[in-house]
Amino acid sequence: MTTRHRAIAATALAGLVVAGSHLIGASAAHADDVKPSVPPGTEPSASAPVAIDSNAPGLKIPQGGTLAPVKVLDIAEVVEDLGGEQRRQETNQTVMMALQSEVLFPENSAVFNAQAAARIQAVANEINQQKATRVRVFGFTDDQGSYEHGKELSKQRADAVQAELAKTVNAPGVVFDVRGYSEDYPIADNSTEEGRKKNRRVEITFPRSEK
């Protein structure tokens, strides 16, 4: 039918409350010591957590334990084409399109190949349909080579994609947030070429319009 298939179904239910116990005196990592699992600014956007009574007997909290802060998780749906060249992730708030670097650039380059413009044009058209006025363009590499080189290359690629998007995105006063993250925030295992290929990518994220 198409070359696309669902890679991940809904990964969380909106309204799901995540609660956990934190035992007094037990060792635990603080938030400042833990590297975030997603780039800054891309955290789940759901709000209004369900109220929960910490004294409810059904919670069965160990003596001396307390509830962790509650969270409401976004519904996330991911669709990836068969080759993994393009991945689309939607939540109730945003759309994220990830393009593998190989479909946009030659190896170790930030100069577009012949097919890049058409792929970016398709993303720009959707940004216009959603009437998005804020667009994030984040570049990433695998863990091969130096971190500093990856940082420079990923930013150059993100800059190139942003410049191409800007030719078509027509929202008045649209703001682009463009960053390069080198090998940070991998989405696959860097120990295999298949995984490294997925990690070499540019992600374009924008809000969904309210229906």
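Figure 1. At 26% relative accessibility, phenylalanine 112 counts as partly exposed, a class that lies between buried (under 20% relative accessible area) and exposed (over 50%), computed with a 1.4 Å probe on protein chains only. Phenylalanine 105, by contrast, is buried, with a relative accessible area of 4%. This is a predicted model, in which local features need pLDDT of at least 70 and side-chain atom pairs count only at pLDDT 80 or more, whereas totals for chains, interfaces and linings use all residues. Residues are numbered from 1 along each chain as its sequence is written, and side-chain values use heavy atoms, with hydrogens and water left out. A pair of aromatic rings is described by the distance of the centres and the angle of the planes. Rings of Phe, Tyr and Trp (its six-membered ring) pair if their centres lie within 6.5 Å; planes under 30 degrees apart count as stacked, over 60 as edge-to-face and the rest as tilted. The structure holds four aromatic pairs. In one of them, the ring centres of phenylalanine 105 and phenylalanine 112 are 5.2 Å apart and the planes meet at 20°, so the pair is stacked.

Figure 2. Alanine 160 is found in helix α2; helices (H or I, at least four residues) and strands (E, at least two) are DSSP runs, numbered from the N terminus. With a relative accessible area of 15%, alanine 160 is buried. Leaving aside neighbours within four places in sequence, alanine 160 is in contact with Phe105, Ala110 and Phe112, where contact means heavy atoms within 4.5 Å. Leucine 104 is 56 residues away from alanine 160 along the chain, and their C-alpha atoms are separated by 9.9 Å.

Figure 3. Phe138, Phe140, Tyr181 and Tyr185 form one aromatic cluster. Tyrosine 181 is buried, with a relative accessible area of 8%, and tyrosine 185 is buried as well, at 9%. The rings of these two tyrosines have their centres 5.2 Å apart and their planes at 85°, so the pair is edge-to-face.

**Figure 4. Arginine 201 in strand β9.** Arginine 201 is found in strand β9, which spans residues 201–207. Its relative accessible area is 3%, so arginine 201 is buried. The charged end of arginine 201 sits over the ring of phenylalanine 140, 3.9 Å from the ring centre; a charge sits over a ring if NZ of Lys or CZ of Arg is within 6 Å of the ring centre and within 35 degrees of the ring normal. A polar atom of the arginine 201 side chain lies 2.8 Å from the backbone oxygen of tyrosine 185. The side chain of arginine 201 also reaches the backbone oxygen of asparagine 199, at 3.0 Å. Not counting residues up to four places away in sequence, the residues touched by arginine 201 include Arg87, Leu99, Gln100, Phe138 and Pro186.

**Figure 5. Strand β9 and its two partners.** Two strands pair if DSSP finds at least two bridges between them. β6 and β9 pair in the antiparallel sense over seven bridges, and alanine 98 stands opposite glutamate 203 in β9. β7 and β9 are likewise antiparallel, pairing over five bridges, with phenylalanine 140 opposite arginine 201. Six of the seven residues of β9 are buried, so this strand is largely enclosed by the rest of the structure.

**Figure 6. The largest nonpolar core.** A nonpolar core is a set of buried Ala, Val, Leu, Ile, Met, Phe, Trp, Tyr and Cys residues joined through side-chain atoms within 4.5 Å. The largest such core has 24 residues, and those with the most contacts inside it include Leu104, Ile127, Val161 and Phe206. Among the elements that give two or more residues to this core are β6 (94–100), α1 (116–129), β7 (134–140) and α2 (147–166). Helix α1 gives the most, with five residues. Leaving aside neighbours within four places in sequence, isoleucine 127 is in contact with Ala132, Val135, Leu165, Val169, Ile204 and Phe206.

**Figure 7. Two loop residues with positive phi.** Most residues other than glycine have a negative phi, and most peptide bonds are trans. Lysine 131, in the loop between α1 and β7, has a positive phi near 55°. At 65% relative accessibility, lysine 131 counts as exposed. Serine 182 lies in the loop between β8 and α3 (193–199) and has a positive phi of about 55° although it is not a glycine. At 1% relative accessibility, serine 182 counts as buried.

How values were computed
A polar contact is a pair of N or O atoms within 3.5 Å; within protein, one must be able to donate a hydrogen and the other to accept it, and residues adjacent in sequence count only if both atoms are side-chain atoms.
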